[in-house]
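Here are my notes for anyone opening this one for the first time. Have a look at the picture, then read the points in order.

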Amino acid sequence: MKRKIVTTAALLVIASQSTFAEHKGIKLPHMEFPMAKGEGMYATKGMCNMCHSWGYTINQGKQSKAFWRKKVRKMIDVFHAPIKDEDVEVAVTYLFAHYGNGKEE
Amino acid sequence: MQRREFFKTTAILAGSAALTNVDAAEQVEITQPIDNRPVADIAFPQKQPLITHSDRPPLLETPRKVFAHPITPNDLFFVRWHMPLIPTYINPHAFEITIDGLVNNPLRLSIDDLKKRFEAVEITAVMQCGGNSRSAFHPTAGGIQWGVGAMGCAKWKGARLKDILAAAGLKPGAAWLTLDGAEKPVYNQTDDFKRALEIDRITDDMIVAYEMNGEALPYLNGFPVRLILPGIYADSWMKMLRRITVTAKEPHLHFMEHAYRIPDNDCECELPDKLYPKTKPIEKMNVKSLIGFPENGARIRKDTEMIVRGVAFDGGDGIARVDISTDGGATWQEATLDDGKAGRYAFRAFRYAFTPTQMGEIRIMARATNTKGETQPFAHEVKWNRGGYKFNGIDEVRVEVIT
């Protein structure tokens, strides 16, 4: 009888510990995605990284100037990123210079 | 409002110019997707290191070799989120799903309620991002440049969506569901990632899953519950599902109206300078197969048996056969399929034993055909679309035969 109680108590402790483990949640790691060095790099990094990783940006592949302009505009118009109108071309110029396909359109 | 009108006008103008010459595809090239990207040196929570496209939000791709097997382990399963703020702590005892809108009894269901009040259903189903293999499209289609691994197949367990809706009691006229998960944008004004599902299209196979391969779902795959829509691309398989709202009218949602859409024409195709004005949701998956072994660049000894392994699937009609070519598509031999007991929505494993007798590079290809006779085109025959969706070109790996 006594042994049974001890075993039950031990099981309860184990059970509560495993439940506790499930409740810890997760911690997401930070990863640095290297940026091409050039004019506008830090400004562009600031604008993009307010919301998302640089990896998310460069995974669009090499694109036209019009594509990058449309993307930056979308971040402002659709996703409400607080990017100033006068800063748009800074990002577009940097993105096209280093992640462009050479085409304007 | 002004914006929407502007888009409408643009679409109509484009419509009159488009579609005169969809076959003139000189400027377009479809290749094999980017392959053999290395996995990251950092593992995300509850995951092995995967091909990491972004850390915020996490975008993780499964390496090719995992597809030598028909079940994708939870720690190797791909990850795709839309919004940068993902809950990193959820108390499964406090978590609730709200069912509201056009229902007689609005519900708040805990995970325990889901398990106890509803019949538990198990279904093995492929989950694939509509943009899987997008890096095959040239000119580059906008979006994550996935290689082959934005897909996986798991055994899901949960409660039928139909049963949950029945418990809530649909009111007359109920026709649409708005699905909302717990991910959040950085700015409050930004549209939440929500999806819509037409009630008429709900089948018995669609479940709200609380288990994945016999375990709780990993956080990054939607812990504690996600929607499972077998046969349909993953864009509406809402993760961390917390609210289902029933309406009579189709809801207007940014991510329904501007994302995961393809040209609404027979070829589902267009040209970069002649975009087709009318689009439709990607929805049902097309027939596809992938070689898990060997991988590109593998070296194999001459006169030594190797077993080509991989998986095939479609939108639920079922795979009828897989053919393998070891000469770059000139001749084909039928592979052996598994028993198919995992069901018509699961990966169907195939194997093909092969002994190379000549040295040098060989090109191994896999081509699946489903029960309706639908099959895969060569990659170069796949048609372009601006979103880079639904790539299902015949898979190819190049291996080197050595002495």
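1. Let's start with chain A. Of its 105 residues, 36% count as buried, where buried means under 20% relative accessible area, exposed means over 50% and partly exposed is in between (1.4 Å probe, protein chains only). Chain A has five helices and zero strands, so from the N terminus on its elements read α-α-α-α-α. Helices (H or I, at least four residues) and strands (E, at least two) are DSSP runs, numbered from the N terminus.

2. Before going further, a word on conventions. This is a predicted model, in which local features need pLDDT of at least 70 and side-chain atom pairs count only at pLDDT 80 or more, while totals for chains, interfaces and linings use all residues. Residues are numbered from 1 along each chain as its sequence is written, chains are lettered from A and ligands numbered from 1 in the order in which they are written, and side-chain values use heavy atoms, with hydrogens and water left out.

3. Helix H5 of chain A (residues 85-99) deserves a look. Its 15 residues reach 21 Å from first C-alpha to last, close to the 21 Å expected at 1.5 Å a residue; the expected span is 1.5 Å times one less than the number of residues. Buried in H5(A) are A:Val88, A:Ala91, A:Val92, A:Tyr94, A:Leu95, A:Phe96 and A:Tyr99. These buried residues pack against helices H2 (41-49), H3 (54-58) and H4 (65-77) of chain A.

4. Now the interface. Chain A and chain B bury about 2900 Å² between them, 61% of it on carbon and sulfur atoms; that is the accessible area (1.4 Å probe) that the two parts lose on being put together, summed over both. On the chain A side, H3 and H4 each supply at least two of the residues that touch chain B. The contact takes 30 residues from chain A and 39 residues from chain B.

5. What about polar links between the chains? There are 14 residue pairs in polar contact, both at pLDDT 80 or more. A polar contact is a pair of N or O atoms within 3.5 Å; within protein, one must be able to donate a hydrogen and the other to accept it, and residues adjacent in sequence count only if both atoms are side-chain atoms. The salt bridge count is zero, a salt bridge being a side-chain nitrogen of Lys or Arg within 4 Å of a carboxyl oxygen of Asp or Glu.

6. Over in chain B, an open sheet of five strands runs E18-E25-E24-E20-E21, with mixed pairing. Strands E18 (299-301) and E21 (333-334) are the edges, each pairing on one side only. Two strands pair if DSSP finds at least two bridges between them. E24 (residues 360-370) and E25 (residues 395-402) run antiparallel and are joined by seven bridges; B:Glu361 has B:Glu400 as its bridge partner.

7. Strand E14 of chain B (residues 241-247) pairs in the parallel sense with E5 (residues 96-101) over four bridges, and B:Thr98 has B:Arg243 as its partner there. E14(B) also pairs with E10 (residues 176-181), in the antiparallel sense over six bridges, with B:Leu179 opposite B:Ile244.

Notes:
Contact means heavy atoms within 4.5 Å.
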